[in-house]
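Please walk me through this structure in plain words.

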Amino acid sequence: MSSLGEDEVAIAVDAVQDRAAIGRVIEHGPRAAGLQDRVVLVGPIEPCGECEVCRRGGAAVCPRAKRRDTIAGTVVAAARWVTPLGDGLALPVPAGAAVAGDVALAYTLYARTGLGPREPVVVVGASPVTRFVVEILRAKSITPVVVVEPGAGADAWTAWLEQRGATVARAASVDETYAAIAGAIASHGTGARPWRIVATTSPAATLAARLAGPRATLTVLAPIDALPGELAAREVTVIGVAGAHPDLVVEAAAMCAKGEIDLIGGTSETAEPMRSHVRRVAT
């Protein structure tokens with residue numbers, strides 16, 4: 001007799017990216033029969049979906065959420081929080097494992113930033129999530145200004161950003177970087193609007209906070225160190241993102257399926273700085 005709950009499924013995992021995975025449903029509870037044998041995406045968190053925190057969009061910080069420390073072999077998940085593939089929504093393995101992980105996290109950063117058409121946006125940080133954020137913004141016809149700090153790989157990163165249609169501002173002193181960003185934004189014809197600024201890594205958050213102009217909105221990926229105290233003096237709004245929202249996985253998957261996000265190019269089965277590390281799970 002199955003030990004699954006009425007709305008639960010058991011998934012044979014094919015590949016993982018951190019605590020997200022892609023796999024096939026091999027067993028189901030009585031109310032999840034429609035998922036049997038479906039390929040699904042599963043993320044690192046299962047919020048309750050009912051509390052006031054969830055109702056206000058805070059699934060990633062739901063106090064009742066179930067969180068996965070690891071994913072391997074077979075995983076049990078609530079049917080509500082898996083994303084079934086097929087019917088035109090197909091993803092490759094192992095790259096597809098990143099969709100409920102880093103790709104959905106990038107899409108959550110974009111969504112929480114609240115960007116509208118032609119709003120100026122600055123992205124600070126270098127990571128696989130940054131890469132996916134840039135691709136999402138370009139697919140939404142938004143031209144980001146991406147701050148590139150000096151160091152190993154900076155030239156290759158710059159070349160990739162420019163190839164994707166982003167504007168690059170090379171980091172120098174804070175004042176010089178701010179001036180470079182302001183000039184780039186002005187060239188886009190949006191210089192009069194307050195900036196939206198996104199920090200995609202913990203080390204980038206401090207620089208992003210210093211670059212946030214008056215009335216800017218600063219969206220930061222947790223965890224981060226303490227931000228500079230003068231943000232309030234500039235009336236900067238700070239939005240924290242603690243994780244991907246499970247409801248946004250399907251939108252991230254659709255962008256990958258349509259080729260708006262280069263999922264193959266953005267993932268790797270070996271550890272690389274600017275590509276999500278995916279790995280197959282032995283069966």
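Ser 276 is found in strand S15, which covers residues 276-277. Helices and strands here are DSSP runs, numbered from the N terminus: a helix is H or I over at least four residues, and a strand is E over at least two. The model is predicted, so local features need pLDDT of at least 70 and side-chain atom pairs count only at pLDDT 80 or more, while totals for chains, interfaces and linings use all residues. Residues are numbered from 1 along each chain as its sequence is written, and side-chain values use heavy atoms, with hydrogens and water left out.

Is Ser 276 buried or exposed? With a relative accessibility of 1%, Ser 276 counts as buried. The word buried means under 20% relative accessible area, exposed means over 50%, and partly exposed is in between (1.4 Å probe, protein chains only). Leaving aside residues up to four places away in sequence, Ser 276 touches Gln 17, Ala 98, Asp 102, Pro 128, Phe 132, Gly 266, Thr 267 and Ser 268. Such a contact means heavy atoms within 4.5 Å.

Next comes strand S1, residues 8-17, where seven of the ten residues are buried.

Now to the helices. Helix H2 has 15 residues, 99-113, and at 1.5 Å a residue it should span 21 Å; its end C-alpha atoms are 20 Å apart, which agrees. The expected span is 1.5 Å times one less than the number of residues. H2 has a kink of about 30°, centred on Leu 105. The bend at a residue is the angle between axes fitted to the seven residues ending there and the seven starting there. Because 13 of its 15 residues are buried, H2 is largely enclosed by the rest of the structure.

How many aromatic pairs does a search of the whole structure find? The search finds three. In one of them, the rings of Tyr 107 and Tyr 110 have their centres 5.4 Å apart and their planes at 70°, so the pair is edge-to-face. Rings of Phe, Tyr and Trp (its six-membered ring) pair if their centres lie within 6.5 Å; planes under 30 degrees apart count as stacked, over 60 as edge-to-face and the rest as tilted. Tyr 107 and Tyr 110 are three residues apart in H2, so about one helical turn separates them. Both tyrosines are buried.

Helix H4 covers residues 154-163, and its buried residues include Ala 154, Trp 157, Thr 158, Trp 160 and Leu 161. Seen down the axis of H4, the buried residues fall within an arc of 165°, so they line one face of the helix. That arc is taken from the directions from the helix axis to the C-beta atoms. The face turned away from the buried side of H4 carries the exposed residues Asp 155, Ala 156 and Gln 163. Covering the buried residues of H4 are, among others, helix H3 (128-139), strand S9 (145-148) and strand S10 (167-170).

Some backbone angles remain. Most residues other than glycine have a negative phi, and most peptide bonds are trans. Asp 37 is not a glycine, yet has a positive phi of about 70°; Asp 37 lies in the loop between S2 and strand S3 (39-42). The peptide bond from Val 93 to Pro 94 is cis, with omega near 10°, and Pro 94 is found in the loop between strand S7 (82-84) and H2. The bond from Ala 222 to Pro 223 is also cis, with omega near 0°.
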